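Please open the model in a viewer and follow the stops below in order. Each one says what to select and what is found there.

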Amino acid sequence: MNDNEYLEHTSGSGDPIGVYTRLPLSYQALYLADQTAFHDYAFVVLDDDEAAEEAVHTAMLRVRDNWDELLVESNMQQQVWAIMRQTVEEYRQDREDRAAIAQGLDDYRQGLHRLNSEQGVFEALAALPPQQFDAVVLRYILHYKPQRIAWYMGISEQTVAYHCRQGKQRLEQAVPTLLKKNGDPRTGDRSETDTKD
């Protein structure tokens, strides 16, 4: 439900009353009758009040978008609950995926602290700020696409690219011997010893 559909009226006592003017009354009645059950179900599955609220809101938007089709269903309530369950399951899976990625990144950072490299690459990588570390590891080590990284981090793809650039710059500053050995990736220049056949 968006703000464009919301209209404020004044009751006889002068108190404003919020009314959704474009939503069918039957939809509003269904929502009001079942909102507590929807929220309770989502909360049991997600164990988080805010996530439950978001899941119910998303599910009810889907119900609203399919309202005309749902009205001709032989068991509309069953179909509405199917939409609710599917939406809550998507939120649960999304949360599990995010938790798995976060745990993987944390394990990777902890593992880097135990490694020792000649040039200090592992130490420099582990010392990156959290968002830069996540972006660099997900992009260049785990080879995630920017879109998936943006989804995980909750930022735009442009911001992912920014964190990757900043992380690479910090690594280059922390480990300048890499540039001498492998050449500067920005210019393509390589050291004399590396250009020999």
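**Aromatic rings and helix packing**

In this predicted model, begin by selecting Phe-38, Tyr-41 and Trp-81, which together make up one aromatic cluster. Four aromatic pairs are present in the structure.

Next, select Tyr-27 and Trp-67, an edge-to-face pair with 5.3 Å centre to centre and 85 degrees between the planes. Tyr-27 belongs to helix H1 (residues 25-46) and Trp-67 to helix H3 (residues 67-71), so the pair ties together parts that are 40 residues apart in sequence. Both Tyr-27 and Trp-67 are buried.

Move on to Tyr-108 and Phe-133, whose ring centres are 6.4 Å apart with planes at 45 degrees, so this pair is tilted. Tyr-108 is in helix H4 (residues 76-114) and Phe-133 in helix H6, so parts 25 residues apart in sequence are tied together. Tyr-108 is partly exposed, at 30% relative accessibility, whereas Phe-133 is buried, at 1%.

Then select Arg-98, which lies over the face of Trp-151 at 4.5 Å from the ring centre.

Now display H6 (residues 130-141) and H8 (residues 157-174), which pack at about 95 degrees with axes 8 Å apart. H6 and H8 are therefore roughly perpendicular. The residues of this contact comprise six nonpolar, five polar and three charged.

Note on methods
Residues numbered from 1 in each chain as written. Predicted model: local features only at pLDDT ≥ 70, side-chain atom pairs only at ≥ 80, totals over all residues. Heavy atoms only, no water. Axes fitted to C-alpha atoms, helices over the stretch in contact; angles between N-to-C directions. Helix = DSSP H or I, 4+ residues; strand = E, 2+ residues; numbered from the N terminus. Parallel < 35°, antiparallel > 145°, perpendicular 65-115°, else oblique. Nonpolar A, V, L, I, M, F, W, Y, C, P; charged D, E, K, R; others polar. Phe/Tyr/Trp six-rings, centres within 6.5 Å; stacked < 30°, edge-to-face > 60°. Buried < 20%, exposed > 50% of the residue type's maximum accessible area, 1.4 Å probe, protein only. Lys NZ or Arg CZ within 6 Å of the ring centre and 35° of its normal.
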